[in-house]
Amino acid sequence: PTMYGGVFEAAKTEDKIKALEEETAKPDFWNDREKAEKTFQELNSLKDSYYPWKNLIKEIDDLSELIELYKSEEDEDLRLELQKQIDDIDNAFKPLKVKTLLDGKFDKNNLYLSVHAGAGGTEASDWASMLMRMYMRWTERHGFKCEILDIEENEGGIKSVTMKVSGDYAFGYLKGEAGVHRLVRISPFDAAKRRHTSFASVYASAEVDDDIEIDIKPEDYRLDTYRAGGAGGQHVNKTDSAVRITHYATGIVVQCQNERSQYMNKDVAFKMLRAKLYEYYQKEKEKEKEANAIAKQDIAWGSQIRSYIFQPYTLVKDHRTNYSTGNISAVMDGEIDDFIESYLHFIKES
């Protein structure tokens, strides 16, 4: 049943890809540019999530056949070649496996990543610049686009920097980097060559689409007319020209009685409602951003999520997952995938 279910889902995905490709080939496809761009995004997303798995399964099937064919052979060169193919498949599988853990609401979105120097003065500023470079190197390795939106430099490094990381699942991959990062090393700024401890904080926030379509359906509101009061000419108090609109979902109420006709009051009232709904949804999106942003902690001792120790030994350790490595130079050069994967497993299991 699992096998046939998988085949069925694969067929559905291929049908969906084919349908979207046919849609993009239509002569009038680009008439609605916004819709066209969303269609392309959906198509590329489906291809990126489907074909790598399909190709990997084919490679495994082909390799299985080769192993069966040559398992009785005692050829060392052949054995080494098969082992290389197994390693290649394993290397292709690892990033695909990690992506299956990225199922949060905003995981697929772009990311705003900020680094702030904490306690430690010049040493901390240098540490913040080292973290900035680490993340920029990671984005380069994975083909993400990284833009520096704002940077405040000072003696020894940076006080703060905000970067936008663009690409599929940018937020999902890097959300676990949020928190306080602790550095222990012999300071290059200390003539006495003493060991120093410095801190920097990282703040991660998903980019949320700001495009809001205000679609007001008849069932979404109640429209009441009533007789206007006060000065305003011969129609005031003689006809039901005033309009009140109540939006059910939000509770927003707008009314207009200044115009001379019910039609004109209705037109103005709907413009008012659209403006208020736009403002309302903007505020809701801001609340959603805040709720889904990974908040900063105090940038000081005892609140760190990860420690980077250069002396008296080399060690990078994540205090949430307990994952660690002694290859600190590789980590500072952007090789943080194992930390990312261990954190994603950690939050999935917790």
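User: In which sense do strand β10 and β11 pair, and over how many bridges?

Analyst: This is a predicted model, in which local features need pLDDT of at least 70 and side-chain atom pairs count only at pLDDT 80 or more, while totals for chains, interfaces and linings use all residues. Residues are numbered from 1 along each chain as its sequence is written, and side-chain values use heavy atoms, with hydrogens and water left out. Strands (E, at least two residues) are DSSP runs numbered from the N terminus, as are helices (H or I, at least four residues), and two strands pair if DSSP finds at least two bridges between them. Strand β10 covers residues 315–318, and its pairing with β11 is antiparallel, over two bridges.

User: Which residue in β7 is the bridge partner of L223?

Analyst: β6 runs antiparallel to strand β7 (residues 242–247), and six bridges join them. The bridge partner of L223 in β7 is I245.

User: Is N327 buried, partly exposed or exposed?

Analyst: N327 is found in the loop between β11 and α7 (328–332). Its C-alpha atom is separated by 7.7 Å from that of V316, 11 residues apart along the chain. Buried means under 20% relative accessible area, exposed over 50% and partly exposed in between (1.4 Å probe, protein chains only). With a relative accessible area of 41%, N327 is partly exposed.

User: How far does α2 reach from its first C-alpha to its last?

Analyst: α2 has 38 residues, and the expected span of a helix is 1.5 Å times one less than its number of residues. Buried residues in α2 include A36, L43 and S45. The expected span is 56 Å, and the reach is close to it, at 55 Å.

User: Which helix supplies the largest share of the lining of the largest cavity?

Analyst: On a 1 Å grid over the protein atoms alone, a cavity is a set of points where a 1.4 Å probe fits but cannot get out, a pocket is an open set with protein on both sides within 12 Å along at least five of seven lines, and lining residues have an atom within 4 Å of a point. The largest cavity is lined by S45, D48, S49, K99, K108, D168 and Y169. Three of its lining residues, the largest share, come from helix α2.

User: What is the volume of space in the second largest pocket?

Analyst: This pocket has a lining of 16 residues, with P95, V98, H142, Y173 and D337 nearest its centre. The largest share, six residues, comes from α3. A volume is the space filled by probe spheres set on the grid points, which are joined across faces, edges and corners. For the second largest pocket the volume is about 400 Å³.
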